[in-house]
Amino acid sequence: MIRAPRCFLRISVAPAAALAAALLSSLARCSFLEPRDPVDSSLSPYFGTKTRYEDVNPGLLSGPEAPWRDPELLEGTCTPVQLVALIRHGTRYPTAKQIRKLRQLHGLLQARGSRDGGGSSTGRRDLGAALADWPLWYADWMDGQLVEKGRQDMRQLALRLASLFPALFSRENYGRLRLITSSKHRCVDSGAAFLQGLWQHYHPGLPPPDVADMECGPPRVNDKLMRFFDHCEKFLTEVEKNATALYHVEAFKTGPEMQNILKKVAATLQVPVNDLNADLIQVAFFTCSFDLAIKGVNSPWCDVFDIDDAKVLEYLNDLKQYWKRGYGYTINSRSSCTLFQDIFQHLDKAVEQKQRSQPISSPVILQFGHAETLLPLLSLMGYFKDKEPLTAYNYKEQMHRKFRSGHIVPYASNLIFVLYHCENAKTPKEQFRVQMLLNEKVLPLAYSPDTVSFYEDLKNHYKDILQSCQTSEECELAKANSTSDEL
């Protein structure tokens, strides 16, 4: 079992680079980037992986630090003895690639405004002109980093979980917390913010110390677990770097649904339709979501689209997630076997220690990753699988699909395994039970409507994955046949 270290790896940087990083960090905390009070938008349910956590759990809007106890959670004589949580990072900035596309679109609108003076044929100021003048505050340095709202997501999640499972998150267990993270700054920073939330739970009103000085130590980077997809040669070759792997995504971009939006947006913004493409339309839609999530602003970018447009753009995003992270290709989910097995190794060890009347060495394991970490794992377990694949040609048939990424993996999404020990068990098998929560709501079993399973039964259902799925074999590229079958 790998032990969590007590400090971050220290990386030396040139003084100028360090100064630049400090200045950028200070800018990120300036008030003009701070989130405002939550704002509603009719488009919010359709932002896919850019969805705010509170849009999936609307009860949090009135009490973001108060725990909501799902009535399906076990209680009474069954006591939680271990919690293993897989947590997506909190709200983040757009990536540099998205910002460059937005800058391209913004420049297109400004060029149009300089030609026509910013007025419409009726003399009224139009939406395109308003967007040309709307501040473009995104900068390349932001590149997917965690925002203050994302830190808030994590601190509040920590407070809720600590209140929901007080025995597991007890002060006595604090030094035994284990935190694993992806190497991406937004995940490392999410883990640190979560620890700050726990400090707030233990020491209300006291400022938290540096994470490296906390008793449990900072999160330990492990990309082989949290970014398994980067270490799977078969996935990288057959999906990530394969120009045809996302055929249905590209086909949908040129299909009738997206082309109708393209023409409509061109008319709304009064720009030539040939100057626009599906990627620019999508970045405009996501800019609405980023302004909403990061700053709490319902910006003019949101006025470009209506709900019907949003449903089509959500489907475009879901197509990408389906074919790159979900059921589109078997390797998408099979590449996550190592992570799935790691979770059950923690649970196995807790069961063994409890059976020997030993203290649980790691009562809480927290793993910080990405939407790309969670979706393959949930697919591996059989969740959110539709009868028919999502394709470029069945948008209308998939209007009521199960695979809606924004409802599954919004910012700060979490998949939690809770292991219980039940005192009144009649047989050894009945002593240990497991419940899973997705985004703090009890998740029924993928193979049954039940919301709780005997641990032994859960392991038996996933026996193939636990025993036969070897990442080294799953991710190995098929070797070219060097022999000829010809006579």
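Start by selecting Arg-52 and Asp-55: these two form a salt bridge, with their closest N and O atoms 2.8 Å apart. Keep in mind, by the way, that you're looking at a predicted model. Arg-52 counts as buried, at 4% relative accessibility, while Asp-55 is partly exposed at 26%.

Next, select Asp-279 and Lys-101. Their side chains meet in a salt bridge too, 3.9 Å from N to O. Asp-279 sits in helix α11 (residues 278-295) and Lys-101 in helix α3 (residues 96-116), so this pair ties together parts that are 178 residues apart in sequence. Asp-279 is partly exposed, with a relative accessible area of 28%, and Lys-101 is partly exposed at 25%.

Now pick Arg-401 and Asp-318, another salt bridge, at 2.9 Å from N to O. Here Arg-401 lies in the loop between α15 (371-380) and α16 (405-408), and Asp-318 in helix α12 (residues 307-325), 83 residues apart. Are these two buried or exposed? Arg-401 is buried at 7%, and Asp-318 counts as buried at 0%.

Finally, zoom out. The whole structure holds 24 salt bridges. Colour by secondary structure and you can look for 19 helices and eight strands. Of the 487 residues, 54% count as buried.

Key:
Residues numbered from 1 in each chain as written. Predicted model: local features only at pLDDT ≥ 70, side-chain atom pairs only at ≥ 80, totals over all residues. Heavy atoms only, no water. Helix = DSSP H or I, 4+ residues; strand = E, 2+ residues; numbered from the N terminus. Buried < 20%, exposed > 50% of the residue type's maximum accessible area, 1.4 Å probe, protein only. Salt bridge = Lys/Arg side-chain N within 4 Å of Asp/Glu carboxyl O.
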